[in-house]
Amino acid sequence: MEVAIMTDSTAYLSEELKNQHNIHVVPLSVVFGDTAYREAIDITTEEFYQKVKESESLPKTSQPSIGDITEKFEELANDYDAVISVHLSSGISGTYQAVVSAGEMVEGIDVYPFDSELSAMAQGFYVLEAADMAESGKTPEEILNRLDEVKQTIRAYFMVDDLSNLQRGGRLNGAQAIIGSLLQVKPVLHFVDKKIVPFEKIRTRKKAINRIVGMLGDDAKQGKNLKVAIIHANNEDSAIELKKEIDSMYPNIDSIISYFGPVIGTHLGEGAIGVCWYKQ
């Protein structure tokens, strides 16, 4: 059985990884005024953050249409028997549900949608696990079982410089955003029940990052071989510095640097930083 692996653009996988593992992608879009830009197709991440600085208002974000997803599945049906389709949390986007609907409509290929319940490189980790297994000839059921195993150990925390983007985008409770702004809090956020919620309210950026690194350390010290991603929003120097710090503290981890692209960057804002990890 030939199994394709598909995801959406918010996994923010590099072109190298996508090509290496033959990963198929449907793009989400950011909308400035009346113009929609598909991630990694019509706008680069660098262009996006510059455009946000020049714009008076935040862009909106848009999920792929059921028609576009169906078209992609029909294309895959020419070469594959099944597709595992991994997507950002259904609690912050309708993309997963659109994939479910498209999968029910398409013929000639079996569609297995998977809700990562996260986004960015945490979502990407699921995609890469699935791709490795598909290359090894594993069945869709075996791949999904492994993804469910990953879900038991995966953890993702992130810190934003400003809560207003999350609050305006409806991804965080408004009262929490107001309180955070008044107290100049740098909250550590995470996903619970597929939605973004505060994990802890911490007074400074440095303390917030140290808290996240400490939680990573708690898992690393248990002797687990962890795959780790340090994720930044147009703040690569900070991510590189943090990676060096983590690598020196915990030699049993395998770490990479990733980024928050346009869609997730719209909600988190420039300067956000995150760390996610799971047991290999």
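The buried residues of helix 4 pack against strand 1, helix 3 (66–76), strand 6 (82–87) and strand 7 (110–115), and contact here means heavy atoms within 4.5 Å. Those buried residues are Thr95, Tyr96, Ala98, Val99, Val100, Ala102 and Gly103, with buried meaning under 20% relative accessible area, exposed over 50%, and partly exposed in between, for a 1.4 Å probe and protein chains only.

Before I go on, please keep in mind that this is a predicted model, in which local features need pLDDT of at least 70 and side-chain atom pairs count only at pLDDT 80 or more, while totals for chains, interfaces and linings use all residues. Residues are numbered from 1 along each chain as its sequence is written, and side-chain values use heavy atoms, with hydrogens and water left out.

Now to helix 5, residues 120–135. Helix 5 has 16 residues and reaches 23 Å from its first C-alpha to its last, close to the 22 Å expected at 1.5 Å a residue, where the expected span is 1.5 Å times one less than the number of residues. Helix 5 is mostly covered, with 13 of its 16 residues buried, and it is followed by Gly137, whose phi is positive, near 85°.

Which residues have the most contacts inside the largest nonpolar core? They are Leu147 and Phe260, in a core of 50 residues, and by a nonpolar core I mean a set of buried Ala, Val, Leu, Ile, Met, Phe, Trp, Tyr and Cys residues joined through side-chain atoms within 4.5 Å. Helix 5 gives the largest share of this core, 10 residues. Another core, of 22 residues, lies apart from it, and includes Met159, Met215, Ile230 and Tyr250. As background, nonpolar side chains in soluble globular proteins tend to be buried together.

On a 1 Å grid over the protein atoms alone, a cavity is a set of points where a 1.4 Å probe fits but cannot get out, a pocket is an open set with protein on both sides within 12 Å along at least five of seven lines, and lining residues have an atom within 4 Å of a point. Grid points are joined across faces, edges and corners, and a volume is the space filled by probe spheres set on the points.

A search of the whole structure finds 2 cavities of 30 Å³ or more, and the largest cavity has a volume of about 150 Å³. Its lining has 19 residues, of which Ser119, Ala120, Phe158, Phe191 and Phe260 lie nearest the centre. Helix 5, strand 8, helix 11 (262–268) and strand 13 (273–279) each supply at least two residues of that lining. By class, the lining of the largest cavity has 15 nonpolar, 3 polar and 1 charged residues, where Ala, Val, Leu, Ile, Met, Phe, Trp, Tyr, Cys and Pro count as nonpolar, Asp, Glu, Lys and Arg as charged, and the others, Gly among them, as polar.

The largest pocket holds about 370 Å³ of space. It is lined by 18 residues, with Glu15, Lys18, Val25, Glu39 and Ala40 nearest its centre, and the elements that give two or more residues to this lining are strand 1 (3–8), helix 1 (15–21) and strand 2 (23–26). Of these, helix 1 contributes the largest share, 3 residues, and by class the lining has 9 nonpolar, 4 polar and 5 charged residues.

Tyr12, in the loop between strand 1 and helix 1, has a phi near 50°, a positive value in a residue other than glycine. Asn22, in the loop between helix 1 and strand 2, likewise has a positive phi, of about 55°, although it is not a glycine.

Terms used. Helix = DSSP H or I, 4+ residues; strand = E, 2+ residues; numbered from the N terminus.
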